[in-house]
Amino acid sequence: MARPNNPSGFGMQDVFRFGLGIALLLCPLQVLSAQDLAPRAYVITPLHSNAITLTWSFYDGNINYNGALPTSDATGTYSVPIFSYYHSFGFFGRSANVVASLPYAVGTFQGTVMGAGKHLYRSGLLDSVYRFSVNLKGGPAMPAQEFVKWKQRILLGASLKVVAPTGQYDPTKLINWGTNRWSFKPEFGYSERWGNWIVDGYGGVWFFTTNRDFWSRNIYFPGTRSQSQKPIGALEAHLSYDFKPGVWVSLDGNFWFGGITSVDGVENSVTKQTNSRLGATAAIRIAKHQSLKFSYSDGTYIRFGGNYQNVSVAWQYSWLGRPK
């Protein structure tokens, strides 16, 4: 890691805060993007389907610095409630949909440097997330009357996910939930059904704009600095089984790679990510318009970043009809 020019001195405590902040700045994006485990993301719905989803996710684990910093026992525990809205529509005759999500996070982080324990607390909005998806093959836009007669075979789709810099961010502080940059993920998706079984596979790449006010205008760096990150490739696969309509389970896995960060053009190769997660998801319909979804995942191999166990519970209310 490149050493900053610091006329005031940069002690071990500051090294820890600096390194922990680097990792935490990646955490919100990883939680909402590269670490996604979203089964059936390209399965279509009838025209003008709507859904409101309230999700609560809990993360608990350690932060792997890959030898970049003289720290030990770096851990984090945080929860992320998320409000999402989904709407489907026709796009040049194909089934399409949009999703908007607003997450909030509350967390504590701690670690040990040279025998001294450090503790941090943060609470605030994360960056908002938006996704547009369109079916390319196998899923025409259909009203509910036609959709109930339709049987899925092979679906091919494409999507664009955008993370907007709307989260809590203060450039004078190193630890922020927001990233102060835009992120974009174009993705191609595949889904195929065999009886009660569905296989999903997705491949995409995350691209990032530059954070041009990264940990600046404070006693350590009186000027402004920029942080950039190389693209992250993301692969995802799912195998799910329907017990009956509205009740299914899924085995989930992913792999993502890349994402080396640079500060003022100085690249830190240690921040390259080569990580993966495995998990499971279960969904159950509890009423005509309501359903619950439960998921669990854990890191199987984490080269750099947060290695967290995750438990999520989601309640969804859905209905048909144009928004009024």
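Modeller: A charge sits over a ring when NZ of Lys or CZ of Arg is within 6 Å of the ring centre and within 35 degrees of the ring normal. Here, the charged end of Arg 40 sits over the ring of Trp 248, 4.4 Å from its centre.

Biologist: Nice. And which ring does the charged end of Arg 225 sit over?

Modeller: That would be Phe 221, with the charged end of Arg 225 placed 3.7 Å from the ring centre. Keep in mind that this is a predicted model, where local features need pLDDT of at least 70 and side-chain atom pairs 80 or more, while totals for chains, interfaces and linings use all residues. Residues are numbered from 1 along each chain as its sequence is written, and side-chain values use heavy atoms, without hydrogens or water.

Biologist: Got it. On to ring pairs, then: how many aromatic pairs does the structure hold?

Modeller: There are 20 aromatic pairs in the structure (Phe, Tyr or six-membered Trp rings with centres within 6.5 Å; stacked under 30 degrees between planes, edge-to-face over 60, tilted otherwise). One of them joins Tyr 78 and Phe 109, a tilted pair at 5.8 Å centre to centre with 35° between the planes.

Biologist: And which parts does that pair tie together?

Modeller: Tyr 78 belongs to strand 2 (residues 72-91) and Phe 109 to strand 3 (residues 94-113), so the pair links parts that are 31 residues apart in sequence. Strands are DSSP runs of E, at least two residues, numbered from the N terminus.

Biologist: Is Tyr 78 buried or exposed?

Modeller: Tyr 78 is buried, with a relative accessible area of 2%, and Phe 109 is buried with 2% as well (buried is under 20%, exposed over 50%, partly exposed in between, with a 1.4 Å probe and protein chains only).

Biologist: What about Phe 91 and Phe 132: what kind of aromatic pair do they form?

Modeller: Phe 91 and Phe 132 are edge-to-face, 5.4 Å centre to centre and 70° between the planes. Phe 91 is in strand 2 and Phe 132 in strand 5 (residues 128-137), so this pair connects parts 41 residues apart in sequence. Phe 91 is partly exposed at 34%, and Phe 132 is partly exposed at 28%.

Biologist: Great. New topic: where is Asn 310 found?

Modeller: Asn 310 sits in strand 16 (residues 305-320). Asn 310 is also buried, at 8% relative accessible area.

Biologist: And what does Asn 310 touch, not counting residues up to four places away in sequence?

Modeller: Asn 310 touches Ser 57, Phe 58, Tyr 59, Arg 277, Ser 295, Tyr 296 and Ser 297 (contact means heavy atoms within 4.5 Å).

Biologist: Last one, I promise. Where does Pro 165 lie?

Modeller: Pro 165 is in the loop that runs between strand 6 (154-164) and strand 7 (183-194). At 31% relative accessibility, Pro 165 is partly exposed.

Biologist: And what is Pro 165 in contact with, leaving aside its neighbours within four places in sequence?

Modeller: Pro 165 contacts Asp 127, Asn 180, Arg 181 and Trp 182.

Note on methods
Helices (H or I, at least four residues) and strands (E, at least two) are DSSP runs, numbered from the N terminus.
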